[in-house]
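Please open the model in a viewer and keep the residue selection tool at hand.

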Amino acid sequence: MSQPLAPHRIAVVAPSPVSMFNLAIPEMLFGKVEVAGRPGYEVVVCAAEPGPVPTTGGLDLYVRHGLDVVREADTVLVAGTGEPFEPESRIVTAVREAATAGKRIASLCTGAFQLAEAGLLHGRRATTYWAHAEELRRRYPQVDLRGDVLYVQDGPYVTSSGYAAGIDLCLHIIRSDYGAAVANEVARRALVAPVRPGGQTQFTQTPLPPERGNACADTRGWAMRNLDKPLTLTDLARHAGVSVRTLTRRFHAESGVSPLQWLLHQRIERAKELLETTALPMDQVARACGLGTADSLRGHLIRRTGLTPSAYRAQFSRLGSPTGTGGAEATSSVA
């Protein structure tokens, strides 16, 4: 009888001063992954100098591990830090060596500066928090900086913009490792939005109103339960008890996208789950998630992932995989 696979090991590197929010995100999400009743990840926080590490909030966090744990990790995730976010030579060296060893390297917020200093992002697409994008572009002009997206993956390197975009990056990693169904279950357990597309804009020009996140919550939940139906803007507005114009305004303020953009994303996510967890024919998958036809499903999935539905199922199906591990995405673009 084969032994279950060991948890995927993630070393979270804490530069100084580190963002406490950045450190909380990996623990919150990766710690909720279970596969066949076993933890999917083992997360270890490390620093260039073990011991008290200053944070951007003025507190000190005690980090027990040094950068030697990076050598044992499968994925290295560099957290963001406060200004002036100067790269730390020991972190840069550790990250560069990890990349040479073939490990996946990721960064949250200004952690991208450490990756850029290590030369990993030369000629590659990357992002960072929009407020510091110009500084990264000035320091590292060889980086193909995408300053207005949530996260981007180029080969084995994944970078996210600031704050809550780190949640999207971690969910993207979980989906790449264990599939959309697992990632969306983690999102539900953590009470955060399902996996969002990395190419979604950071929406830095539109301030969100204080009520964000609540006014349309019931309607979003209702829509999720009725994805197989041909929902329209009028249907959504009728459920919310407001005009189409008011719904669109509130929805964009809360979700950062229009109602129909949000709905399409949820339909595609549902299609991914069905492709991974069932053997339904493609036309039934398309109908069940509200995409209509197999041709429509194919077009949307190719645009989102670079894979046809058949190729996606072959690569990410959970039906014949008792360990629950899946392959990485075939395309280097964000899913």
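Begin by selecting Tyr163, which is placed in the loop between strand S12 (157–160) and H5; helices (H or I, at least four residues) and strands (E, at least two) are DSSP runs, numbered from the N terminus. The model is predicted, with local features requiring pLDDT of at least 70 and side-chain atom pairs counted only at pLDDT 80 or more, while totals for chains, interfaces and linings use all residues. Residues are numbered from 1 along each chain as its sequence is written, and side-chain values use heavy atoms, with hydrogens and water left out.

**Backbone features**

Tyr163 is not a glycine, yet its phi is positive, at about 50°. With a relative accessible area of 53%, Tyr163 is exposed; the term exposed denotes over 50% relative accessible area, buried under 20%, and partly exposed the range in between (1.4 Å probe, protein chains only).

Next, select Cys109 in the loop between strand S8 (104–107) and H3. Cys109 also has a positive phi, near 55°, in a residue other than glycine. Its relative accessible area of 12% makes Cys109 buried. For context, most residues other than glycine have a negative phi, and most peptide bonds are trans.

Move to Ser16 and Pro17, which are joined by a cis peptide bond with omega of about -5°. Pro17 sits in the loop between strand S1 (8–13) and H1.

Continue to Phe21 in helix H1 (residues 20–30). Phe21 is partly exposed, at 37% relative accessibility. Which residues does Phe21 contact, leaving aside its neighbours within four places in sequence? They are Tyr163, where the tour began, and Ala164; contact means heavy atoms within 4.5 Å. The C-alpha atoms of Phe21 and Thr55 are separated by 9.8 Å, and these residues are 34 apart along the chain.

Now display strands S5 (residues 51–54) and S6 (residues 60–63), which pair in the antiparallel sense over four bridges. Two strands pair if DSSP finds at least two bridges between them. Asp60 in S6 is the bridge partner of Pro54. The two strands S5 and S6 form a hairpin with five residues between them, and Gly58 in the turn has a positive phi of about 90°.

**Aromatic pairs**

Aromatic rings come next. A pair of aromatic rings is described by the distance of the centres and the angle of the planes. Rings of Phe, Tyr and Trp (its six-membered ring) pair if their centres lie within 6.5 Å; planes under 30 degrees apart count as stacked, over 60 as edge-to-face and the rest as tilted. By this rule there are six aromatic pairs.

Select Tyr41 and Tyr178, an edge-to-face pair with 5.4 Å centre to centre and 85° between the planes. Tyr41 belongs to strand S4 (residues 41–46) and Tyr178 to helix H5 (residues 165–178), so this pair ties together parts that are 137 residues apart in sequence. Both Tyr41 and Tyr178 are buried.

**Salt bridges**

How many salt bridges does the structure hold? There are 18, each defined as a side-chain nitrogen of Lys or Arg within 4 Å of a carboxyl oxygen of Asp or Glu.

In helix H6 (residues 180–190), select Arg188 and Glu185, which are three residues apart and thus separated by about one helical turn. Their closest N and O atoms are 3.2 Å apart, forming a salt bridge. Arg188 is partly exposed at 47% relative accessible area, and Glu185 is partly exposed at 36%.

Turn to helix H4 (residues 133–139), where Arg138 and Glu135 are likewise three residues apart, about one helical turn. The side chains of Arg138 and Glu135 meet in a salt bridge of 2.7 Å, N to O. Arg138 is exposed, with 58% relative accessible area, whereas Glu135 is partly exposed, with 23%.

Finally, select Asp283 and Arg287, four residues apart in helix H11 (residues 282–288), about one turn of the helix.
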